[in-house]
Amino acid sequence: MIKFDQVTKKFGKIIALNNVSFEIDSGEFVFITGPSGAGKTTITRLILKEFEPTSGKIKINKQDLAKIPSKKVPELRRKIGVVFQDFKLLFDRTVFENVILPLEVIGADKTMIEEKANEILKLVGLSDRADLFPSQLAGGELQRACLARAVIAEPKILLADEPTGNLDPATSWQIIKLMKKINKLGTTVVMATHNVDIVNSLRERVIILGKGKIVKDQKEGKYETL
Amino acid sequence: MKHFRTAWQHIRRSPYQALAAISVMILTFFVAAIFIFIASGSEAILHWFETRPQVTGFFKDEVTMTQVDSFKERLNQTGQITEIKYISKEEALAIYQEQNKDDPLLLEMVTANILPASLEVATNDLSALGEVAQIMREAPEIDEVIFHEDIVSSLSKWTSAIRKIGLGLIIALSIFSLTIILVIIGMKIALRKEAIEILRLIGASSWYIRLPFLLEGMFYGVIGALIAWLISVILLLYSTPFLISFLAGIPLFPVPPVFLALVLLVLVTGGLVIGLLGSLIALRRFLR
């Protein structure tokens, strides 16, 4: 599903990723851990084609990202749901309007949008918050709204960049449980995180990064500090 | 439809910017409309004079009817005359009374005696007028000669001056409005930078992001043009009675509705173009 082949990304003289190779299969749940500046966010941004690798190849669904013209980038991004640490919700739209955005940008049918939105808001437990604005929600609710937006268009891949970074432990667990649920429904989940408890309890695959390199890649891994 | 709603939301949430954009558009298109009216009006007046190559000679008071007839004969011999019309003192008074029928004071003071008899001569074309006018000026029977060519030439000078000034002013104001639209749309793009980034990340196409800004620019242009047209037409209708008496005899009024519709079309198209261009430049400049 996702393949990094000897990928290096430099920002000027700083090497964010250094010759990184890994492959993530369809339906996997993968944690990417490592200290700040290890390159976790760089990986998610490379997958979204926010920028190009300095060298190496990235393939999503067997498609070489380098060969996707910039005009086709929106199509790539529609296949990938993203959850951000800082939620990135549109403050001037209601929860409902935020959640349906991915369907709206592809011009989906109105009744279909409504149906999907109700279904997904129920899944994340925000049905009664649909008409509120982001400023009226608590942190955990914001992240659930963000998650609902990420999966409403049924993407093949769900990227989560520190989704629990701003949340308390109990709320963090709610989010993780939801992500597990979504993973069970067939979506490949890649989650960059610092959260030791979560990584250690779930015993999923863990890719540990350090200074831009893969230090360890374990099935049923544990969090390790470098 | 969705994009119209988004654009309308952008406009509603910053009413003062919208007001600034629309006012400058109104100013631009109002000036444009007024100059279109003046230019077309003076063009029509000029055309009216040009299609009536005419010279009028006023006889001295002591001239007798036989002298008039022999003078007419002399003019006819030039072979350039299409029409020749004698207007007696009484006829002149009737014309004068008709023109000033609303002003009894002016009527009271004038009798047929103080108005001169005259000869209105029309020729095949403008160039022949010169020759006829020259004959009249040299004739001892004639007191004064009014020559259309003078009017035509000074009028055409005025028309071309009006056209140049109008065009210059319209171009300057258009650049001014374009800049205002560009700045306002640019500000809105800057304000929504984060939202635009989010939309990009969830796979919105570049047109999905741009369209509301383009629609907003065009909205300002079209609304400005519409209001400007409305104001100028009301002003024109309001001043019609005055203009009719000022341009006595020249059939300009009522202004045909087709002409007003055409002006509306020109203004709205101009509004669309300025609005669209301003937003496009802003998008290029501020949205990579």
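Here is a short chat about reading some features of this predicted model.

User: What should I know before I start?

Analyst: Residues are numbered from 1 along each chain as its sequence is written, and chains are lettered from A and ligands numbered from 1 in the order written. This is a predicted model, where local features need pLDDT of at least 70 and side-chain atom pairs count only at pLDDT 80 or more, while totals for chains, interfaces and linings use all residues.

User: Which strands of chain B pair with β3(B)?

Analyst: Two strands pair if DSSP finds at least two bridges between them; strands (E, at least two residues) and helices (H or I, at least four) are DSSP runs numbered from the N terminus. Here β1 (residues 54–59) of chain B runs antiparallel to β3 (residues 118–123) of chain B, with five bridges, and B:V55 sits opposite B:V121. On β2 (residues 81–87) of chain B, six bridges reach β3(B), also antiparallel; B:K85 has B:E120 as its bridge partner.

User: How do α9(B) and α10(B) pack?

Analyst: Axes are lines fitted to C-alpha atoms, for helices over the stretch in contact, and angles run from 0 to 180 degrees between N-to-C directions. Helix α9 (residues 206–246) and helix α10 (residues 257–286), both of chain B, pack at about 150°, axes 7 Å apart. So α9(B) is roughly antiparallel to α10(B) (angles over 145 degrees count that way).

User: How many residues of chain B are in contact with chain A?

Analyst: Contact means C-beta atoms, placed from the backbone, within 7 Å. Nine residues of chain B are in contact with 11 of chain A. Helix α8 (residues 193–201) of chain B gives the most to chain B's side, with three residues.

Notes:
Angles under 35 degrees count as roughly parallel, over 145 as roughly antiparallel, 65 to 115 as roughly perpendicular and the rest as oblique. Two residues are in contact if their C-beta atoms, placed from the backbone, lie within 7 Å.
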